[in-house]
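Good morning, and thank you for joining.

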Amino acid sequence: MVVCKTKNEIEQMRRAGQVVGRTLEELAKNVRPGVSALELDRIADDFIRSQGCTAAFFKLYGFPEHICISFNEEVVHGIPSRRVLKEGDIISFDVGAIYQGWNGDAAMTFAVGQVSAQATQLLRVTQEAMMLGIEQMRLGHHLNDIGAAIQAHVDQYGYSIVRDWGGHGIGRKLHEDPHVMHYRQPTSGMGLRKGMCLAVEPLVNVGGPEVLVRPDKWTVVTKDGQLSAHFEHSIAITDGDPYILTMG
């Protein structure tokens, strides 16, 4: 069941979303060779707590740490460890925060120092694709317009979109209806309604869309070992422009 939020509820979600956005900004300041993923997890948790929120991912479905950190060919749901960042890596942070029972959720992928031209382009294209999907989140449009816009952009570069995971509704629960697919569908899907809040998060691979889950039962990786990028925002549908809730 899709739950549409009131204006006041959306503003509560905006508070959670701002903390998520600012957490990503804090993490960005610390992306450098030599720092460990576990250190970055602690930085995120400390900052989220300092803002009067709690980390949404901690112990969710049994996840052991506070944010997801994924390196290079890791697509999503990487568990922070003592692994250190190296020059040339790309690293994705997926961050959630809860404020007075409301969730915010966003992700970004960063370059560690100087990275390859391919990696630079992948990050740019994935972020652009997310924003093009968000632009579709208007009254009169349909759920599957989001994925169609994302795929149209990604296809231009010969990249692929992971199909095993997608976006989702968000609110009192981190994951609510509806499921948001980031690729083109044969039907238009449900009409978008005022107060719907969705997390749009394309996972884009340099190579094929196929993925595997590592033995830790969390970390998703590309089957062919090629790079993957992840960008995400939580957005509310309004009478006018899409309202991005997770800007810092």
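By contact I mean heavy atoms within 4.5 Å. Helices (H or I, at least four residues) and strands (E, at least two) are DSSP runs, numbered from the N terminus. The model is predicted: local features need pLDDT of at least 70, side-chain atom pairs count only at pLDDT 80 or more, and totals for chains, interfaces and linings use all residues. Residues are numbered from 1 along each chain as its sequence is written, and side-chain values use heavy atoms, with hydrogens and water left out.

Let us begin with the helices. Val19, Arg22, Thr23, Glu26 and Leu27 of α1 meet Leu40, Ala44, Phe47 and Ile48 of α2. Helix α1 covers residues 7-29 and helix α2 residues 37-50; their axes lie 10 Å apart, at an angle of about 140°. Here axes are lines fitted to C-alpha atoms, for helices over the stretch in contact, and angles run from 0 to 180 degrees between N-to-C directions.

I turn now to strand β9, residues 197-200. Cys197 and Ala199 on one side, and Leu198 and Val200 on the other, are all buried, that is, under 20% relative accessible area with a 1.4 Å probe, protein chains only. Strands pair if DSSP finds at least two bridges between them. Strand β9 is joined to β14 (residues 233-236) by 4 antiparallel bridges, and Cys197 faces Ala236 there. With β7 (residues 167-169), β9 pairs in the antiparallel sense over 2 bridges; Gly169 is opposite Leu198.

Finally, β3, β12 and β11 form, in that order, an open antiparallel sheet. Since β3 and β11 stand at the edges, each with a single partner strand, one side of each is left without a neighbour in the sheet.

Technical notes:
Buried means under 20% relative accessible area, exposed over 50%, partly exposed in between (1.4 Å probe, protein chains only).
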